[in-house]
Amino acid sequence: MVHVSKPAETKGLNLSEITIYAAEVSTFGRIVAMVAIEKGIDWSLVPTDSSSAEHISRHPFGKTPAVEVNGHLLIESDAICRYLDDAYDGPALVPEDPLERAEMTKWMSFVQAYMFPTTEFGLVMPRLVAPMMGRPVDESRVQKSLPTIQYQLGLLEAGLADRAFVASERLTLADIYLFCTWMAVAHTEEGKVMLHHSPNVTRWMSFLASRESARRTAWPEG
Ligand SMILES: N[C@@H](CCC(=O)N[C@@H](CS)C(=O)NCC(=O)O)C(=O)O
């Protein structure tokens, strides 16, 4: 992820740049960085080990990201992203319409409660991260998770039928959450095959991948 130097317009608040504490390759760190770029917020990344004592003093459950903004420490991506959207000018990423907002929140909950845990612990960690750390791939764990991942991808495929974004006519936080989660899956061979058979998701991901916020936060290939 790279540093963006454009200063943000704020809603009358004296907000300086934000500092994101996250690993350099991290789904939720990427979500917050993409939101910052979409809002035109200047940010920098402090590469962070989520299990370190220093980080647990920021987040009691040892999760990244944490964000420092104008002397305040924020944790939990939903709280961080909604705060950035509220506090800063720039294109709104939360819809005005209550039903669209509910739809957006539904997809963000899908990511937090179901999609991220399943894809991260069932596929991304065992297939990509374990070998990087010199550990063997747990093939049975991967094989066991694939039907659930396929089912969850099917929900997104259906949700994107005849529409450009999941919750509204415009980009919302939900698109960014889902994009970062499924882009991690796309780094695995199994994920590439599943996505190849999901034309709506592929079209939507290609559009999002072309945005500056996605290009500047892209993970190294491999
Ligand atoms: N609910 C948290 C989830 C954050 C999360 O799971 N972050 C991952 C990195 S993408 C993490 O900290 N993993 C380390 C761990 O689970 O120990 C949020 O919204 O920020």
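Helices (H or I, at least four residues) and strands (E, at least two) are taken as DSSP runs and numbered from the N terminus. The structure is a predicted model, in which local features need pLDDT of at least 70 and side-chain atom pairs count only at pLDDT 80 or more, whereas totals for chains, interfaces and linings use all residues. Residues are numbered from 1 along each chain as its sequence is written.

Asp85 lies in helix H3. Because Asp85 has 18 C-beta neighbours inside 10 Å, it counts as partly exposed; a residue is buried with 20 or more other C-beta atoms within 10 Å of its own, exposed with 12 or fewer, and partly exposed in between, the C-beta atoms being placed from the backbone. Neighbours within four places in sequence aside, Asp85 is in contact with Lys39, Ala92, Leu93, Val94 and Leu173, a contact requiring C-beta atoms, placed from the backbone, within 7 Å. From Asp85 to Val32 the C-alpha distance is 11 Å, with 53 residues separating the two in sequence.

The domain assignment, which is automatic or taken from a database, gives domain 1 (18-87) and domain 2 (98-215). The centres of domain 1 and domain 2, taken over C-alpha atoms, are 20 Å apart. Contacts between the domains involve ten residues of domain 1 and twelve residues of domain 2. On the side of domain 1 that touches domain 2, H1 and H3 each supply at least two residues, and the largest share, seven residues, comes from H1. This side of domain 1 comprises five nonpolar, one polar and four charged residues, where Ala, Val, Leu, Ile, Met, Phe, Trp, Tyr, Cys and Pro count as nonpolar, Asp, Glu, Lys and Arg as charged, and the others, Gly among them, as polar.

A nonpolar core is a set of buried Ala, Val, Leu, Ile, Met, Phe, Trp, Tyr and Cys residues joined through C-beta atoms within 7 Å. The largest such core has 57 residues, and Val32, Val35, Trp107 and Tyr177 have the most contacts inside it. Helix H6 (residues 173-185) provides the largest share of this core, eleven residues. At least three residues of the core come from each of domain 1 and domain 2. Beyond residues up to four places away in sequence, Val32 touches Ile20, Pro65, Val67, Ser77, Ile80 and Cys81.

Strands are regarded as paired if DSSP finds at least two bridges between them. Strand S1 (residues 18-22) and strand S3 (residues 66-69) run antiparallel and are joined by four bridges, with Ile18 partnered by Val69 in S3. Four bridges also pair S3 with strand S4 (residues 72-75) in the antiparallel sense, and Glu68 stands opposite Leu73 in S4. Two residues lie between S3 and S4 in the hairpin that they form, and Asn70 in the turn has a positive phi of about 50°.

How values were computed: Two residues are in contact if their C-beta atoms, placed from the backbone, lie within 7 Å.
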